[in-house]
Amino acid sequence: MTAALQAQGLGRRYGKRWALSDCTLDIPAGHVVGLVGPNGAGKTTLLNLASGQLAPTTGTIRVLGGRPGSDRAQMGKVGFVAQDTPTYAGLTITEHLKLGAKLNPRWDDALARERIERLGLDPAQRAGKLSGGQRAQLALTLGIAKRPELLILDEPVAALDPLARREFMQGLLEATVEHELSVVLSSHLVSDLERTCDYLIVLVDSRVQVAGEVEELLATHHRLTGPQRDTGRLPADQQVISASHTDRQSTFIIRTEAPIHDPAWTVSQLSLEDLVLAYMNTTARTHHRPVLEAQR
Amino acid sequence: MIEFHLDERSGVSPYLQLVRQVRQALRLGLLQEGDQLPTVKEVVAGLAINPNTVLKAYRELEREGLVAPRPGVGTFVTRTLTDASLAAHGALRQDLRRWLTKARRAGLDDESIEAIFMTTFRTAAQEDIA
């Protein structure tokens, strides 16, 4: 099966600032991929590179085997819903669908109309008059009716209330089953992605911190709690993601393929949110260390 | 037809929650041989969860011999769990009651009872695996 997204040493610079650096990924098709990280981490840059809106400064990126934005066939295979699910305020829903039909060779008009009807939207309504949730649903309808193999969405639910979020994700996931769609979506909130994604990329400070299947990530990351111990005295096959110590106790978040036999540790499972936060904190600490030392 | 629900705070993975809910429905007689499970699309659209989670749960139930897929139609219950376990419930509950009375007499409060039960339960489960 062709990979949904492959990147090798991918980077993008704006002036002197690297918005994305040294990004290497290999994501098989058939996943719902969550891209998480704080605001400004480089999520939008990565998604814009994948959808062909941006060209890389260094490295290569392949989407469904082709170069993003290279030709009409490639553009037809990849759908992109930009941040804040943009629509044309002055155009009606029907006009949006007509535009979609004109711009997309694989446009599925019946699907689009059926979806609008099921959502209970009035086709004569102008997009500017729709609620945020309805506008997002319109943008999603345009993305799905294009009949892409991969749909890329940039923070699609960030501006929505909880009910609209849930309805949006229901519609999106239903479409993945119905049309065998691969999905990449970004969010700065893990809770948006926890049940919906089966592949996760954590992006912090323009770098990919960790990427992999959610199930595998959860199975290989553990929290160890026990008597005080130096980080250096952990086995070599245990990669330390985060460590904190009191005078008596140490708590580590580690990644390992091997079982943990040391009876000194209480081993507990991590939630996806704990896991992501551990990677985010690691970066924060390495960054702030010089400042802390200067203060001492 | 049953409807699934997910408890975000249970700490149990969504896939396992689905498996347990089907087993529970089989035990209680809510699902019987020949009944259809909700389609993957229905579960995904209802709960907003990843389709692979549902597929994994259904495969696990299939592996346990509880359900079987009929291509193009859906997934159907092939076995019930009612009789065997329901009959044993009463006696087990009585044993547990007796044990609880003993624990209270020994001066254990609710939390201590829960702790002793969970640690024993986990140790036994781990020994079973090993």
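Mentor: Domain bounds here come from an automatic or database domain assignment. On that basis chain A is divided into domain 1 (3-204) and domain 2 (215-295). This is a predicted model, where local features need pLDDT of at least 70, side-chain atom pairs count only at pLDDT 80 or more, and totals for chains, interfaces and linings use all residues. Residues are numbered from 1 along each chain as its sequence is written.

Trainee: How many residues of domain 1 of chain A are in contact with domain 2 of chain A?

Mentor: Eight residues of domain 1 of chain A touch eight residues of domain 2 of chain A, contact meaning heavy atoms within 4.5 Å.

Trainee: And what area is buried between those two domains of chain A?

Mentor: About 780 Å², with carbon and sulfur atoms giving 79%. Buried area is the accessible area (1.4 Å probe) that two parts lose on being put together, summed over both. In domain 1 of chain A, A:Val190, A:Glu194 and A:Leu200 lose the most area to domain 2, together 53% of what that side buries.

Trainee: Switching topic: what area is buried between chain A and chain B?

Mentor: About 1300 Å², of which carbon and sulfur atoms give 51%. There, 17 residues of chain A are in contact with 15 residues of chain B.

Trainee: How many salt bridges between chain A and chain B?

Mentor: Three, counting a side-chain nitrogen of Lys or Arg within 4 Å of a carboxyl oxygen of Asp or Glu. One of them pairs A:Arg195 with B:Glu8, with the closest N and O atoms 2.6 Å apart. Between domain 1 and domain 2 of chain A, the count is zero salt bridges.

Conventions:
Chains lettered and ligands numbered in written order. Heavy atoms only, no water.
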